[in-house]
Amino acid sequence: MIKQETLRTFLAVLLVIIAVIYAVNAGYFGKEILAEILLFAILAMSLDFLAGFGGMVSLGHAALYGTGAYFYAVLTVNYGWNAPSAMAAAIFFCGIAGWIVGAATARVRGIFFIMATLAFGQMAYVYVFENRALGGDDGMSGIPRLDLSLVGIDLVDPTNFDIFLIVVAAFVFIFLMWLLKSGFGRTLVGLHRNEMRMRALGLSLLLHKAAAFAIAGGIAGLAGTLAAQHAMFVSPDYLDWKLSGLVLIIVILGGLGSLIGPVLGAAVVIILKHQISAYTEHWAFFIGVFLIIAVLAGGHGLYDLLVKLNKRARRKATKPEEVVDA
Amino acid sequence: MITDYSFWTIQLLNGLQFSMLLFLLSVGLSIIFGLMNFVNLAHGSLYALGAFTGYTFAKLLGSYWAAFFLAPVAVALVGAILYQLLIKRMRSASPLNQVLVTFGLLFVFLDVFRFVWGDFTLGIDTPELLNFGFAMGGQLYPAYRLFIIFLGLIIMAALWLVLERTNIGAMIRAGVDNGEMAACLGMNVNKVFFSVFCVGCALAGLAGVVAAPIFSVYPGMGIELLVPTLIVVVIGGLGSLRGVIAGSMLVGMIQTFGQVLAPQVASMLVYALLAATLILRPQGLFPARG
């Protein structure tokens, strides 16, 4: 038996190792799928931080992702910024956008919160979709990747780009774990669990929720800039609310509030999607049925399943001792 | 153009016609939302189902009017099956789980449409009876669009009569206002829920078959209209007829006139209105519950 905290770290390390091995050995198509998984993993971790720990179930997360992608695209393509400063600016802008949405919706709850985030997301989607300067529904192409040739790494190579994404995803995981252990993270969870008590302690609901949304927004924006670099192309689909829904599905299937679960969820859903697509074009049907069954079964995601298996293993391991005690 | 009287009349009629479609689509969703605390993201799919079954009926029976009456019945049947299989179980679930399950349903419906009717755009001809126009400032305004406005107004009046003037309406309003108390007074709340759900589905189906000759019929049509429908429901306030009327008029008119006056920001205006409503008046304009 391993402790839950150790289980999480163990799982994270295991996933990194598998990803690295895969990035080096897979064919071109496999590397592309791995990149897609990693992008979704970063986005899903960001949403899990917001929804699983902060209790803010957003159905507009793709809008922040897409905003990051477009911001990066516009700065690099139209204004000729270099990649690192464009990335930093995009992340900062998405953080501010997240802060505003978080502050505006701090008092909105339950289904209305879901609707409000959906509304903000659609606002951004429609703006991009109808803006000719951003290419409208054609999107924008010719987006450059980060240039790491100074340290001798060529990011145009798919293996290198995959490993770069693995490093970023690992950093995001470590950062969010650290944040959740900090005073801020504990306050956030406290606000979710018992808002009255935290407010009685004199904490500001608005400031904490807005800050959490800003952080989640910044990370979603980061994922967006990486997605734009990966595809070297952006389109309004990046901001579509169906994408927000897919990310939410990934988080729920992986395990809400576990941080590593959504990474697992991203891998399972994306691999499933490609596997099913190989046989039939109706993959959405199977994802839909899978989702309905998963929710009806009342499970708490893949991570929870692992925790339960782990507990069962412990019970088996300790049973002989109990007999001796008796 | 700006001072052209008939131009504004036509825009007003277009706005009214879109508002009526939104009304048909939203009223079921709103009452279901208010009555059962259940958000059904698959409601838009039922609208699409109405259009698709309408297409098939019109083709098989050779008459639009047969489709007009049969499609809502077919959609209500599908709704009844969905209710018994799935939605009954989800009523007490958390909003997150409701969103997830109905989101899953939306995916399933989308692919069922693609599988059965193919992934392309279909069309239904405007019925012969209404295939003429009224002259309006040198243009012909199609009679079919006026028919939609007329139909919307009739349904509106009928629903108002039922909700405000009959026993069944009193039971529905009691259920929205305080379901537990209504159940304590001997009302079979579950039966009311079920009937309201089926009627809501039938109206969504009606909206679909009515919209089919104007808009094209394609698998994603329900998803496209789902978001405006949710906006109508939230802006108007859950579970009230007045709210749905106000919400659909607001959204329909803003969308139509925005498209003419300020095309760059037109679509955003509606979302901005929703965000403002949620922040400033979360209960909506005319909530059924105090």
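## Where chains A and B meet

In this predicted model, 37 residues of chain A are in contact with 38 residues of chain B. Putting the two chains together buries about 3,300 Å², and carbon and sulfur atoms give 86% of that area.

Polar contacts do turn up, with three residue pairs found across the interface, both partners at pLDDT 80 or more.

## Chain A's side of the interface

Which elements give two or more residues to the side of chain A that touches chain B? They are helix H5 (110–130), helix H10 (241–254) and helix H12 (283–296) of chain A. H5(A) gives the most, with 14 residues.

Sorted by class, this side of chain A has 29 nonpolar residues, along with five polar and three charged ones.

## Salt bridges

Over all chains, the whole structure has eight salt bridges. One to look at joins A:Lys273 and A:Glu36, with the closest N and O atoms 3.2 Å apart. That pair links distant parts of the chain: A:Lys273 is in helix H11 (residues 261–279) of chain A and A:Glu36 is in helix H2 (residues 28–53) of chain A, 237 residues apart.

## Aromatic pairs

The tally of aromatic pairs over all chains is 25. Among them is A:Phe113 with A:Phe213, a tilted pair at 6.5 Å centre to centre and 45 degrees between the planes. A:Phe113 sits in helix H5 of chain A and A:Phe213 in helix H9 (residues 205–231) of chain A, so this pair ties together parts that are 100 residues apart in sequence.

Chain A has a mean pLDDT of 88, with 96% of its residues at 70 or more. Within chain A, helix H3 (residues 61–78) has the highest confidence, at a mean of 95, while helix H13 (residues 301–325) has the lowest, at 74. Over residues 322–326 of chain A, pLDDT stays under 50, and the model has zero contacts beyond four places in sequence for them.

For chain B, the mean pLDDT is 86, and 98% of its residues reach 70 or more. Where is confidence lowest and highest in chain B? The lowest is in strand E1 (residues 133–136) of chain B, at a mean of 77, and the highest is in helix H2 (residues 43–61) of chain B, at 93.

Note on methods
Residues numbered from 1 in each chain as written. Chains lettered and ligands numbered in written order. Predicted model: local features only at pLDDT ≥ 70, side-chain atom pairs only at ≥ 80, totals over all residues. Heavy atoms only, no water. Contact = heavy atoms within 4.5 Å. Buried area = accessible area lost by both parts, 1.4 Å probe. Polar contact = N/O pair within 3.5 Å; in protein donor to acceptor, adjacent residues only side chain to side chain. Helix = DSSP H or I, 4+ residues; strand = E, 2+ residues; numbered from the N terminus. Nonpolar A, V, L, I, M, F, W, Y, C, P; charged D, E, K, R; others polar. pLDDT = per-residue confidence, 0-100. Phe/Tyr/Trp six-rings, centres within 6.5 Å; stacked < 30°, edge-to-face > 60°. Salt bridge = Lys/Arg side-chain N within 4 Å of Asp/Glu carboxyl O.
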